[in-house]
Amino acid sequence: MSNDEILKALYDETMVGNAPAVLELTKKGLDEGLTPSELLFDALIPSLEEVGARFERGDWFVPEMLIAGRAMAGALEVLRPLLAQTGAETVGTFLMGTVKGDVHDIGKNLVNIMLEGAGFHVIDIGVQAAPEKFIAGIEEHNPDIVGMSAFLTTTMPMFKANINAIEKAGLRDKVIVMVGGAPVTQEYADVCGADGYAADAATAVRRAKELIAAKRGAA
Ligand code: B1M
């Protein structure tokens with residue numbers, strides 16, 4: 001199998017949610033010299049995008065999204081140690097959660113992996129995280145950055161609700177707030193009072209480092 005054939009098969013098998021084949025092709029791709037980034041950006045992520053497009057058109061339904069998502073999550077577990085390889089000292093602490101009402105976690109997990117790879121200590125508070133959970137996480141772990149993911153237009157307003165709760169708890173000055181997720185934009189991040197936004201995992205890492213450097217510089 002050529003590398004292009006591996007990528008094509010990985011794309012196809014992710015789309016139909018064939019988790020064992022996705023796992024095998026991911027390992028095979030790595031053995032054949034494909035990089036984790038190529039596997040992610042040339043097969044796995046485009047495949048999920050196509051699943052989403054079919055769902056949006058009404059051609060596919062939630063079960064199809066679910067099994068495709070599970071197949072992708074299995075591949076991520078194989079890629080995790082490779083993406084997160086780091087000998088670097090801790091750059092900062094990042095508390096991350098998907099907001100209340102939202103169960104999407106693949107994008108969040110990918111951001112976490114890339115942050116770990118860049119030397120961040122990541123605390124993941126999971127999905128459906130209510131404002132109280134973010135507050136408890138800040139109080140317990142004293143993070144430099146609080147990251148919030150939302151993947152539905154209906155859950156994006158939770159950013160503002162979380163930021164309001166953080167303010168009310170007297171913790172807003174202590175943390176940088178970053179937001180992201182498929183429907184989120186820089187404009188929306190600005191409106192809800194976040195300090196930073198990123199469209200993808202790689203940009204999230206860069207932005208997180210910039211925000212920490214700016215805050216430490218100001219201090
Ligand atoms: Co859902 N879903 N889903 N889904 N799902 C989307 C998001 C959707 C866009 C599909 C579509 O219609 N095209 C749509 C949302 C529409 C909208 O609101 N605009 C949608 C819908 C409608 C729903 C349900 C409401 C369906 C229903 O029940 N009728 C339901 C909601 C459940 C809930 O949360 N309450 C639902 C359920 C599900 C499943 C459970 C079946 C499954 C999730 C599995 C899981 O996550 N464990 C699922 C899936 C798989 C998807 C799609 C197909 C794929 C999402 C994904 O993992 N993408 C998705 C379609 C799509 O995105 N095109 C869709 C790959 C991932 C790597 O990308 O998530 O964008 P992404 O993450 C990126 C960036 O966003 C960014 O970096 C990540 C990596 O590069 N990023 C950050 C993320 N967090 C960040 C934080 C940062 C910075 C950057 O700073 C803090």
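Student: Into which domains is the chain divided?

Tutor: Domain bounds are taken from an automatic or database domain assignment. Here the chain splits into domain 1 (3-85) and domain 2 (93-218). The model is predicted, with local features needing pLDDT of at least 70 and side-chain atom pairs counting only at pLDDT 80 or more, while totals for chains, interfaces and linings use all residues. Residues are numbered from 1 along each chain as its sequence is written, and side-chain values use heavy atoms, with hydrogens and water left out.

Student: How far apart do the C-alpha centres of the two domains lie, and how many residues are in contact?

Tutor: The C-alpha centres of domain 1 and domain 2 are 25 Å apart. Contact means heavy atoms within 4.5 Å. On that basis, 10 residues of domain 1 are in contact with 6 residues of domain 2.

Student: What area is buried between the domains?

Tutor: The size of an interface is often given as the accessible area lost when the parts come together. Buried area is what two parts lose in accessible area (1.4 Å probe) on being put together, summed over both. Between domain 1 and domain 2 this is about 820 Å², and carbon and sulfur atoms give 79% of that. On the side of domain 1, L76, R80 and L83 lose the most area to domain 2, together 52% of what that side buries.

Student: How many salt bridges cross the interface?

Tutor: A salt bridge requires a side-chain nitrogen of Lys or Arg within 4 Å of a carboxyl oxygen of Asp or Glu. The rule gives 10 salt bridges by its count, and 1 is found across the interface of domain 1 and domain 2. R80 pairs with E116, their closest N and O atoms being 3.6 Å apart. This pair links distant parts of the chain, with R80 in helix α4 and E116 in helix α5, 36 residues apart. Helices (H or I, at least four residues) and strands (E, at least two) are DSSP runs, numbered from the N terminus.

Student: Which atom is the protein donor of the cobalt atom of the ligand, and where is that residue found?

Tutor: Donors are N, O and S atoms within 2.8 Å of the metal (3.2 Å for Na, K and Ca); water is not among the atoms, so sites may look incomplete. For the cobalt atom of the ligand, the only protein donor is H104 (NE2), at 2.2 Å. H104 is in the loop between β1 (92-98) and α5 (106-117).
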